[in-house]
Amino acid sequence: MAAPGENMRVNADRLWDSLMEMAKIGPGVAGGNNRQTLTDADAEGRKLFKRWCEAGGMTLSVDKMGTMFATRPGTDPDALPVYIGSHLDTQPTGGKYDGVLGVLSGLEVIRSMNDLGIRTKHPVVVTNWTNEEGARFAPAMLASGVFAGAIDLEYAYSRKDPDGKTFGDELKRIGWVGEEEVGARKMHAYFEYHIEQGPILEAENKQIGVVTHCQGLWWLEFTLTGREAHTGSTPMNMRVNAGLAMARIVEMVQTVAMENQPGCVGGVGQMFFSPNSRNVLPGKVVFTVDIRSPDQAKLDGMRARIEAEAAEICEALGVGCSVEAVGHFDPVTFDPTLVSAVRKAAEDLGYSHMNIISGAGHDACWAAKVAPATMIMCPCVGGLSHNEAEDISKEWASAGADVLLRAVVETAGIAE
Ligand SMILES: [Zn+2]
């Protein structure tokens, strides 16, 4: 076959029909989906995906985390596979496209290569990672985290849902414990196609997001200790007000984030006052600062400055201050060669595109620890996600899948 031509596009209708077919499994209460990981609905979705993969001539393998790997062989027996992955599990009130678009576009890439008679040197593997969402079993991106060696398998098995059922028992119950050692397979490259889950592409009127980075984050849990006292009878100069210290720290976090533009964000989403009574100055305040940046130096710089300035703020007010890092991801820089392949594919297809940074975590962020990886994004209406009203158009869906097809074929190499 000659170099990829204009005819190398996916079948938009077939991709859309598959999305709609999968969405019938685990319907939500408001038009979206509730197909949480390791539920009966998840098992049913997996069965349908398996059937589609086998009909497409792929061979399925499952690892001990229940992650599904469907392989289309390449012509070179020594070549490592090119992976296309995402997730079929959803939030309890999730949309039809978050994750699902990536997995079913991977399937559509294979179906299209079959239609077009394209054979590649490297095998191509479509992957459905278990428990990306983390809604039922925390943390999110659990199976890809184990795959990347960042999370221990036994720890993953021990994770409990709100009913006290463990991940390990539920994986067994739905019949998807595989034989394969987690992380044993090696990757030539990893692609993930996902809805943006933010408003930028739609606002900029771009069809394709060329994802260059994944934000890193720190969650810093502050515990401030003041002195509980009557709000009416305690003079201002005799207060040890942990609430006031918190307010100043919240304002300072805003300043630090604003001074690290563009690209950095910071804020406080959770705070607990104790005793939380309207006429008692709080003796204890616990709150979490969430800071994110695609740049490691900026991220760590923000953390250091926030901790130092918080200590000063507290000292001036006589308030005790301790900080614990309760969550962390390093920023990810996606592989420049794969990023270029995505951009070139968008250009060759005549799709409008822009560079974008993933604000949310994805399995690709863990895959990037063990292989060259990147992502492709398409817009979603109003930037809405993790919501049953999440919406995309058929044209948006297929444009990204076209880009995926081209970038994967380019990376896997057309067989001579
Ligand atoms: Zn997702």
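Biologist: Where does P139 lie, between which strand and which helix?

Modeller: In this predicted model, P139 lies in the loop that runs between strand 4 (124–128) and helix 4 (142–147).

Biologist: What makes the peptide bond from A138 to P139 cis?

Modeller: Look at omega: for the bond from A138 to P139 the angle is near 0°, and the bond is cis. There is also a cis bond joining Q261 and P262, with omega about 0°. P262 sits in the loop between helix 8 and strand 9 (265–274).

Biologist: How do you know whether N131 and M141 are buried or exposed?

Modeller: We set each value against a cut-off: buried means under 20% relative accessible area. N131 has 1%, so N131 is buried. M141 comes to 6%, so M141 counts as buried as well.

Biologist: Which residues is A257 in contact with, leaving aside neighbours within four places in sequence?

Modeller: Those are C264, V265, G266 and M302. To count as a contact, heavy atoms must come within 4.5 Å. By contrast, A257 and H386 are 25 Å apart in space, C-alpha to C-alpha, and 129 residues apart in sequence.

Biologist: And T288: why is T288 called buried?

Modeller: Its relative accessibility is 13%, which is under the 20% cut-off, so T288 counts as buried. T288 belongs to strand 11 (residues 284–293). Beyond neighbours within four places in sequence, T288 is in contact with W219, L220, E221, G267, V268, G269, Q270 and V326. G74, on the other hand, is 48 Å from T288, C-alpha to C-alpha, and 214 residues away in sequence.

Biologist: Now the metal. What makes a residue count as a donor to the zinc ion, and which residues coordinate the zinc ion?

Modeller: A donor is an N, O or S atom within 2.8 Å of the metal. H87 (NE2), D98 (OD) and H194 (NE2) coordinate the zinc ion at 2.0 to 2.2 Å, and those values pass the cut-off, so these atoms are donors. Along the sequence, the donor residues follow the spacing H-x10-D-x95-H. H87 and D98 both lie in the loop between strand 3 (82–86) and helix 3 (100–116), so this pair ties together parts that are 11 residues apart in sequence.

Biologist: Are H87 and D98 buried or exposed?

Modeller: Both H87 and D98 are buried.

Biologist: Zooming out, how do you know whether the radius of gyration of the protein chain agrees with that of a compact globule?

Modeller: For 416 residues, a compact globule would have a radius of gyration near 22 Å; the protein chain has 24 Å, so the value agrees. The C-alpha atoms fill a box of roughly 85 × 45 × 40 Å along the principal axes, and the secondary structure comes to 12 helices and 15 strands.

Biologist: How many of the 416 residues are buried, as a percentage?

Modeller: Buried residues make up 54% of the chain. As for contacts between residues at least 6 apart in sequence, 80% join residues at least 24 apart.

Biologist: What about the surface and the charges of the protein chain?

Modeller: The accessible surface is about 17,300 Å², and 51% of that belongs to carbon and sulfur atoms. The chain carries 37 positive and 54 negative side chains, with the centres of the two sets 2 Å apart.

Conventions:
Residues are numbered from 1 along each chain as its sequence is written. This is a predicted model: local features need pLDDT of at least 70, side-chain atom pairs count only at pLDDT 80 or more; totals for chains, interfaces and linings use all residues. Side-chain values use heavy atoms; hydrogens and water are left out. Helices (H or I, at least four residues) and strands (E, at least two) are DSSP runs, numbered from the N terminus. The radius of gyration is taken over C-alpha atoms; the globule rule is 2.2 Å times the number of residues to the power 0.38. Buried means under 20% relative accessible area, exposed over 50%, partly exposed in between (1.4 Å probe, protein chains only). Accessible areas come from the Shrake-Rupley method with a 1.4 Å probe; for residues, only the protein chains shown count as cover. Lys and Arg count as positive and Asp and Glu as negative; His and the chain ends are not counted. The place of a charge is taken as NZ of Lys, CZ of Arg, CG of Asp or CD of Glu. Donors are N, O and S atoms within 2.8 Å of the metal (3.2 Å for Na, K and Ca); water is not among the atoms, so sites may look incomplete.
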